[in-house]
Amino acid sequence: MTAFHSHLPVLQVIVPMLTAPLVILLNQKRLPWAVATTASLCAFAIAVTLTMSVMAGQKIQYSLGAWPAPWGIELAVDAFSALMLLVVTGASSVALLAGAQSLDRDIEDHRQPLFYAAWLLALSGLVGILVTADAFNIFVFMEISSLASYVLISGGTDKRALPSVFKYLMMGTIGATFYLIGVGLIYMMTGTLNLADMTFRVEDVADQTPILLAAGFITVGLALKGAIFPLHAWLPNAYTHAPNMVTVFLAACATKVAIYVLFRFDFIVFQPNLVGHDFQLTLFLLPLSILAILVGSSVAMFEPQLKRLLAWSSIAQIGYITLGVSFLNVTGITASLLHVFNHSLAKGALFLVMACLGMRIAQLRIDNIAGIAKKMPWTMAAFVLAGLSLIGVPGTAGFISKWYLITAAFESGTMGIAIVVIILISSLMAVVYIWRIVETAYFRQPEGDSEITEAPLPLLVMTWVIVLMNIYFGFVPGVPIELATGAAQLLHGQIP
Amino acid sequence: MESLGIYYYWTFAVLLMVGLYAVIAKQNLIKKLIGLSLFQAAVFLLYITMGKLEGGTTPIVTEAQANALFSNPLPQVLILTAIVVGISTLALGLGIVIRIKEEYDTIEEDEIQEIDKR
């Protein structure tokens with residue numbers, strides 16, 4: 001390992017963070033975009049390198065300022081964070097590469113440098129959460145990424161984004177503050193902020209009540225950030241009114257990073273130390289997941305606004321992610337983590353299609369896309385394939401995670417069969433809401449003849465790249481499965 | 001009387017709930033932000049009280065007081081960061097309220113919802 005190589009964990013955060021102020025200074029057209037995209041691609045390259053080291057079995061740890069671990073801030077990358085790093089930096093790079101024209105429509109020229117700076121800050125906050133092993137550092141990065149994403153969401157021309165983002169700001173801040181209270185309570189009892197160190201020290205705490213309280217605060221706070229049903233109220237409007245490319249970026253990763261922290265805390269710090277915590281977690285997550293899946297899919301079936309339809313579908317998909325974990329077995333956790341990866345691919349592709357449509361029609365309502373498949377055949381073909389992946393048809397990435405989920409449900413006994421039925425019902429509901437769009441686009445007659453043409457080439461190409469990745473990972477799912485299994489064993493190893 | 005002895009935790013809890021109540025119950029967006037600030041301030045107090053020891057002194061080791069009882073300085077450092085985060089959130093929130101006022105000409109949540117429904 002070279003000296004440069006050993007600094008990669010910190011470079012992962014620093015590259016986008018330090019490029020952000022640089023971008024503000026650029027006022028030539030396209031230059032801010034080009035620099036932001038380059039920084040994002042660098043971050044992606046670093047993530048790929050880190051993932052390869054993790055898969056080769058290396059333990060990646062980095063002490064900031066060379067202060068040793070429990071005292072200084074430690075950065076650590078394992079299979080779980082590597083998987084998430086790929087998703088986050090990948091989503092950002094794809095959205096930026098595809099989005100130059102789309103963002104030109106949404107963001108005025110003179111505000112573009114600031115917008116791209118906010119984008120890079122959001123990215124560095126998200127990757128910061130993933131690489132750090134320090135509970136308080138997670139809070140700081142969480143707020144960096146949240147503040148930046150509020151700016152991104154409200155950066156467009158849609159005025160309805162403003163009340164939605166205000167609501168998001170309120171709920172996001174309450175969630176982060178709850179997390180802060182939880183971390184404070186743990187620090188009070190153990191005197192440490194390092195996650196690994198915390199695990200050992202919590203064990204020695206005589207009175208477990210504050211730790212239990214901390215577990216409650218942290219779980220609820222992160223559930224708010226992660227839009228776990230019924231704390232999802234901020235999500236549909238925020239996704240709907242954000243600029244299309246911002247939706248691609250945030251839908252693919254923002255909530256999942258909060259869920260990452262939730263899993264990490266629950267499995268690594270609380271499970272080994274709190275009596276009955278595994279049971280409580282199941283009791284908390286299982287009913288909420290099932291409700292999320294059913295309610296999210298039902299609302300999506302009747303929603304006329306296309307982006308809001310996909311946002312409700314996201315709430316249902318977050319339900320799948322939490323459902324897998326609530327089985328508490330390795331297969332279940334693997335299924336969850338795989339679904340994080342595969343859902344990002346499917347939903348990323350679907351929102352990219354929305355961005356394609358958004359280039360040609362003003363209002364993304366279902367009535368406005370009647371017969372559009374004749375005008376934009378490539379866009380709608382991409383929608384069909386990505387939709388199939390979302391439903392979980394064999395041969396697509398979505399199938400792999402659903403398969404693991406159903407296997408895990410069967411492993412968990414009689415109750416599992418009921419859950420399998422629910423998964424099947426909700427997959428059928430997904431067929432319904434995807435089919436509604438497909439039917440309207442392919443078989444309804446267009447109203448009035450407008451001159452709609454195919455979406456701009458860069459956008460279309462990137463959309464297809466993601467769609468083909470959906471199919472590729474449906475047939476060759478080796479890498480995500482290996483990472484997800486590694487991460488699941490890591491988390492599950494902590495369950496006594 | 002034991003519960004009165006930990007009055008600092010009561011301050012934290014009461015302030016937290018007052019803030020949360022304002023965020024949930026108030027329609028005016030500025031009042032919501034005031035509630036949010038109270039909510040965060042409560043957590044600052046929680047952190048600051050936890051570092052204080054009865055009879056504890058400033059944590060500067062000199063030969064004269066090498067074995068003295070020291071207060072923990074770390075929570076204050078942590079909360080300094082959280083205060084900065086809180087201020088940024090408040091500033092951004094106020095910025096959004098100004099934009100809402102420009103676009104909707106009101107900062108009452110129910111009126112904004114009325115306008116959006118049209």
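## Basis

Buried means under 20% relative accessible area, exposed over 50%, and partly exposed in between, with a 1.4 Å probe and protein chains only. This is a predicted model, in which local features need pLDDT of at least 70, side-chain atom pairs count only at pLDDT 80 or more, and totals for chains, interfaces and linings use all residues. Residues are numbered from 1 along each chain as its sequence is written, chains are lettered from A and ligands numbered from 1 in the order in which they are written, and side-chain values use heavy atoms, without hydrogens and water.

## Chain B: overall form

Of the 118 residues of chain B, 31% are buried. Chain B holds five helices and zero strands (DSSP runs: helices are H or I, at least four residues; strands are E, at least two; numbered from the N terminus). Its pattern along the sequence is α-α-α-α-α.

The C-alpha atoms of chain B fill a box of roughly 70 × 35 × 15 Å along the principal axes. Among contacts (heavy atoms within 4.5 Å) in chain B between residues at least 6 apart in sequence, 47% join residues at least 24 apart.

## Chain A: a strand pair

In chain A, strand β1 (residues 60–63) and β2(A) pair in the antiparallel sense over four bridges. Pairing requires at least two DSSP bridges between two strands. A:Q61 stands opposite A:A76 in β2(A).

Strand β2 of chain A spans residues 74–77. A:E74 and A:A76 point one way, A:L75 and A:V77 the other, and all are buried. In a regular strand the side chains alternate between the two faces of the sheet.
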